Amino acid sequence: MKKLDYERPIINKVNAGMPDKFGMGTRVPIISHIEELAIKDIMAQYGSPLYVISESCIRKTYRQAQRAFASRYPRVQFAWSYKTNYLNAVCKIFHSEGAWAEVVSGFEYSKAIENGISGDQIIFNGPEKSKEDLERAINDGAMIHLDSLDEFYFLGELAHKLNKTAKVALRINLDAGIYPQWDRFGFNLENGEAWHVLNRVMIHDSMELLGLHTHMGTYITAVSAYAIAAKKMADLAIRLFRKFNHSVKYLDLGGGFASKNTLKGAYLPGSDTCPSFDDYAEVITSALLASELPPDRLPLLILESGRALVDDAGFMLGSVLANKRLVDGRRATVIDIGVNMLFTSFWYEHDVLPTQMKSDQTENTTIYGPLCMNIDVIREAVQFPLLQRGDAVVIPRIGAYNMTQWMQFIKLRPPVLLIDEDRNLHLIRKKETYEQFNNMEDVPEHLKT
Ligand SMILES: *Cc1c(COP(=O)(O)O)cnc(C)c1O
């Protein structure tokens, strides 16, 4: 019998990591580059923490969304939701792709105008529109989306005084199986309120009804809700046509598409569970095309998608400040990114990833921000390798809502960089300075000495 070849025994570290109770791997991936730029070079130049936005990611995502809808329905228009991320550079990328602007305050309205959008491509939503805001919107021919009866009467008077016709749409809240229902915005469909107000808008001599609008909520993963909403909106448009022989120019289905982030408490990662643009587009356009809307007068379909278009394009870079042991034995890692600059960490299980492979060994770790406040927790419990003070971390998918809901709490806001399509780095928002904030304050005479 031939003797078997001898092979020296070796010890190999198992790198797969223990699966968690849902069978998901626990190995921590690393991100060392964004759009081929080394994170360590970016941080060497601009410090820590900072935000980085990828222009090509925004464009790629926008084009996917546009294609999903435009390939199924003849007339589609996206309007960029300013409050999701109103950095001018970001808005301008969306506008250069053809998006209109969707704003919810006079401040955002001014930004849209400054970014080169004409009034007739601004959708003005929201419960608060001042006299000056409304006058400007009437004069610019912006699409004013009525939110309440008080606003309806107030706008009517203003338009009458200006001797102008205000271009309006009605914001409608409806039951599409999404609870709690956002019935605080606009007029309810099922209890007849929307129809009641539409009848008043139609006979108003200083208003022209351009469209119907609904925005049901945010991070809606049930595409069936959009099928119901689209059908109800189409039926309402048909009812208007039958009574007034008036065809609305557009149906605006709002935003609310989920991004690939993982909600707190979700079993599976958002990247596996969140519907695609094609999924949303399929149900919305099918409902519209199957309705009684006349094929030769199909209204423009407007979408105000926010988070789904920009979340993936944003990254937050930061550094480890310290490691410690909590009294129950758990490891804690403190980083320089706090909830004041990562507001979405209250809802999402954000990935916090190393930028280089240090060790395959991970341990259940709590990741804290730098604020002197107990709620400053970035991740409650995550399998995480041991990093040292000064090591870099990356938090991907933070492009939506963080750069608008950020707070100047304890610390000033960090800079924002944009990587353009040729991989050049641009500073698109400077780091805030002490002087800036101090200059806004005043101390009364008697306290000066
Ligand atoms: C916030 C908002 C949006 C964008 O919502 P997302 O969930 O981010 O897509 C769209 N329309 C209106 C009226 C909004 O208030």
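Across the interface of domain 1 and domain 2, four residue pairs are in polar contact, both residues being at pLDDT 80 or more; a polar contact is a pair of N or O atoms within 3.5 Å, where within protein one must be able to donate a hydrogen and the other to accept it, and residues adjacent in sequence count only if both atoms are side-chain atoms. On the side of domain 1 that touches domain 2, the residues comprise three nonpolar, two polar and two charged (Ala, Val, Leu, Ile, Met, Phe, Trp, Tyr, Cys and Pro count as nonpolar, Asp, Glu, Lys and Arg as charged, and the others, Gly among them, as polar). The model is predicted, with local features requiring pLDDT of at least 70 and side-chain atom pairs pLDDT 80 or more, whereas totals for chains, interfaces and linings use all residues. Residues are numbered from 1 along each chain as its sequence is written, and side-chain values use heavy atoms, with hydrogens and water left out.

Domain 1 spans 33-53 + 313-432 and domain 2 spans 118-305, the bounds coming from an automatic or database domain assignment. Their C-alpha centres lie 37 Å apart. Seven residues of domain 1 are in contact with nine residues of domain 2 (heavy atoms within 4.5 Å). One salt bridge is counted between the two domains, defined as a side-chain nitrogen of Lys or Arg within 4 Å of a carboxyl oxygen of Asp or Glu. The side chains of Glu 349 and Lys 264 form a salt bridge with an N to O distance of 4.0 Å.

For Glu 304, a polar side-chain atom lies 2.6 Å from a nitrogen atom of the ligand.
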